[in-house]
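Colleague: Could you take me through how to read a few features here, with the rule first and the case second?

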Amino acid sequence: MIQLPNHTWAIAGGKGGVGKSLLTVSLAYWLGRLKNDVTLLDGDLGGANLHTMLGLRIPHCTIDDFILRRVPSLDHLLLETALPNVKLIAGGSDVPALANPNFGQKTRLVRAMNAIDTDFLMVDLGAGSSLNTLDLFLAAPNKLVVLTPQPTSIQNAYGFIKAAFFRLVSRGLRGTSLQDLLDPANLRDEGAPQSAEEVLQEVAITEPGALPDIEERVANLKIHIIVNMVRAPKEERVGPVVSEVCRRFLGMETTLLGCVPYDPQMEKWAAVMDRESFVNRTAEGGALRASYDIAYRIAERTKNKDSTATKWIA
Amino acid sequence: MKLIDEWKQLLSGELDRPAWRDEEDGREALMPGAEESHSANSGPVDTFQDAPDSADASDSSDSSDTSGSSNASGSSDAPGSPEPYGSSDSSENGPSASSLLRAVERCVDDYASRSEYLKALSILKLASASGLPDDCLKPVLKELLRVQSSRNRDGQDPLPREFLGTPRLHIAWSVLTRDRLAIVPDEPILGSDCWIVARGTDVGPTATPWALVWWGRTEVAGKVRPAGRRTVSRRKLELTAAVALLGRANPRQGPTRFTAQITDLTPRGAGIEVKDRFDRLHGIQLKDKKIRIALCVPGRGEPISTLGLICWTEEKGDERDIRMGIKFVDPMPEFMEGVAELLSGRRDVQYLWNLIESNIGQAENTGKLGNA
Ligand SMILES: Nc1ncnc2c1ncn2[C@@H]1O[C@H](COP(=O)(O)OP(=O)(O)OP(=O)(O)O)[C@@H](O)[C@H]1O
Ligand SMILES: [Mg+2]
């Protein structure tokens, strides 16, 4: 699978309703305010709603138009939003079959995403760990997982990270005798590996030649974590908790990018979502302010990544 | 089939081992590999090194059963080499190898049908060590790995898939062949990664009690194998705990201490079993007593400990065995971590829940533990 450009951030979370979309919008707002061109892409291929948050009731063009080849490039789909410097490629939901694009369609989409001229490409992914979501997530050089302190959200976030890990490993096994090892269809079998540890063991025993490549893939899998809707200081600990489990069981480092407090204003606004008032209505609340810090870090990291392609700060 | 008969004798504890005292090195010779088994960081683990039956087989069989004993003694010539057995050319001993294989299959089936899985696995291990090709033995293991149980398995062997830490054939085979089996003097402290497969007493003048011990310490790809030895099954002796009763029965004495077998373990508590040979616990009202309980986690230097509460007790049989249910009281995260390590299955999810509980403390979700 081709990679997305260095300025791409994919936002996922495993669980629905954890605030991925609101956070994406907040981050885009700040990145725009920091004088960057920001392109939002609604990657929730089944249940797009980013446009609603940006005040567009029925977008006149969506990503479906690209997938169905009605337009030659994604540039034709860029919609102005109420946020300065922020453009949107709306997700489509009118053609259900397109919620599940095939490999060719996905590849074409990723190519086209590479061609967008922008400073930041933010891809808001749907809930769940479908293969499409995982593939888009893995194609993005910057990966963000949003979770809330709710235990189910923590578990889903970890589940998502683990699914991404499995997906990545299974790509490294293509063409080997273990290529079906992590096939989702087989994962329910009684003998299917249940943990990353088991997967690596099996690779080490049966396909030792594939191990270095897989270990390298895993080493390069860097995921950022944001904890949203934090109501008490101790809830900030869920970030380190997930990091710890990832390190220990997936052998993978994750970075805590920040915490966003629970903000009643955000919730109130989300209930209405009137076009002009996103910033006005939520400016006072802690959530938008906290997302400034995160946006700033995102800008820093992206810059660093662009200049020293492989060097990664902290 | 002589070889098989000897294995069966060994596994039923009926084997007398006069050869022991003939060994020059005395004790050391009794427990080959034991030293390394307990050293923390010994790198990759060799294949089956001891072949405890081999000395016997070559000593006691008058070379009438040529294929079996010659292979067996061959195995002790080449301990620890990565693939010392399976690949030997079998054209000469083809027929007897295949009859040996059939005998192995029957024997394994026999043990498995009685849920004596450790013995069944030991037979496979012995067969592999005496030169039966892996390819023939793997299907037998495959069958064993299929065994699942819904019955109450209290006091029984762990299922093969639990014991070997995986239901997957390749890994399981590798674990099986890399783990060690050895005959050692049957002493109380064997370490928590030991599983006693059989016990017997040597008929010599000293009547040394011996144990056939399986060291489940194989690590693959630099990682400790998942469930295997860490599965706290309901088998005795794989995990002991040191328990101290808090508060004194008699103010002039120190706290009452005893060691106990852990028969059951969950993040919330443990079931333990105490042999009260000297009636030390007799007359003490154990229920509702506070205790401190310490357990050893394989691979960790320090034991982990926590306060606990005895929730129930039960006297077992006419021996002085007491069973107790312990609830952990305010366990520290390190303790929970250790417990999570000891638990098998989806260790990561278990561990995650434990961390959530100890860090964020959302008690309402604890019901999801384990099946999450
Ligand atoms: N920081 C916050 N404070 C208060 N409420 C919040 C916050 N962030 C999100 N919410 C609430 O969570 C709801 C869901 O947010 P959002 O739609 O962004 O989640 P999502 O993860 O994108 O959901 P989906 O999976 O359906 O796409 C919002 O409607 C809002 O009420
Ligand atoms: Mg959303």
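Colleague: Where is Arg69(A) found?

Modeller: First the conventions: this is a predicted model in which local features need pLDDT of at least 70, side-chain atom pairs count only at pLDDT 80 or more, and totals for chains, interfaces and linings use all residues. Residues are numbered from 1 along each chain as its sequence is written, chains are lettered from A and ligands numbered from 1 in the order in which they are written, and side-chain values use heavy atoms, leaving out hydrogens and water. Helices (H or I, at least four residues) and strands (E, at least two) are DSSP runs, numbered from the N terminus. Arg69(A) sits in the loop between helix H3 (63-67) and strand S3 (79-80) of chain A. Arg69(A) is not a glycine, yet has a positive phi of about 60 degrees.

Colleague: Is Arg69(A) buried or exposed?

Modeller: Buried means under 20% relative accessible area, exposed over 50%, and partly exposed in between, with a 1.4 Å probe and protein chains only. Arg69(A) counts as exposed because its relative accessibility is 60%.

Colleague: What is the phi of Asp330(B)?

Modeller: Asp330(B), also a residue other than glycine, has a positive phi near 45 degrees. Asp330(B) lies in the loop between strand S11 (321-329) and helix H12 (333-342) of chain B. With 68% relative accessibility, Asp330(B) counts as exposed.

Colleague: How many disulfides are there over all chains?

Modeller: A disulfide is a pair of cysteine sulfur atoms within 2.5 Å. The count over all chains is zero.

Colleague: Which residues are closest to ligand 1?

Modeller: A residue is near a molecule if one of its heavy atoms lies within 4 Å of it. Ligand 1 is surrounded by 20 residues, and the closest are Gly17(A), Lys20(A), Ser21(A), Leu22(A) and Asp263(A).

Colleague: What polar atom of Asn228(A) lies 3.0 Å from ligand 1?

Modeller: A polar contact is a pair of N or O atoms within 3.5 Å. For Asn228(A), a polar side-chain atom is 3.0 Å from a nitrogen atom of ligand 1. Ser21(A) has a side-chain N or O atom 2.7 Å from an oxygen atom of the ligand, and a polar backbone atom of Val18(A) is 3.1 Å from a ligand oxygen.

Colleague: How much of the accessible area of ligand 1 does the protein cover?

Modeller: Accessible areas come from the Shrake-Rupley method with a 1.4 Å probe. On its own, ligand 1 has 620 Å² of accessible area, and the protein covers 83% of that.

Key: Polar contact = N/O pair within 3.5 Å; in protein donor to acceptor, adjacent residues only side chain to side chain.
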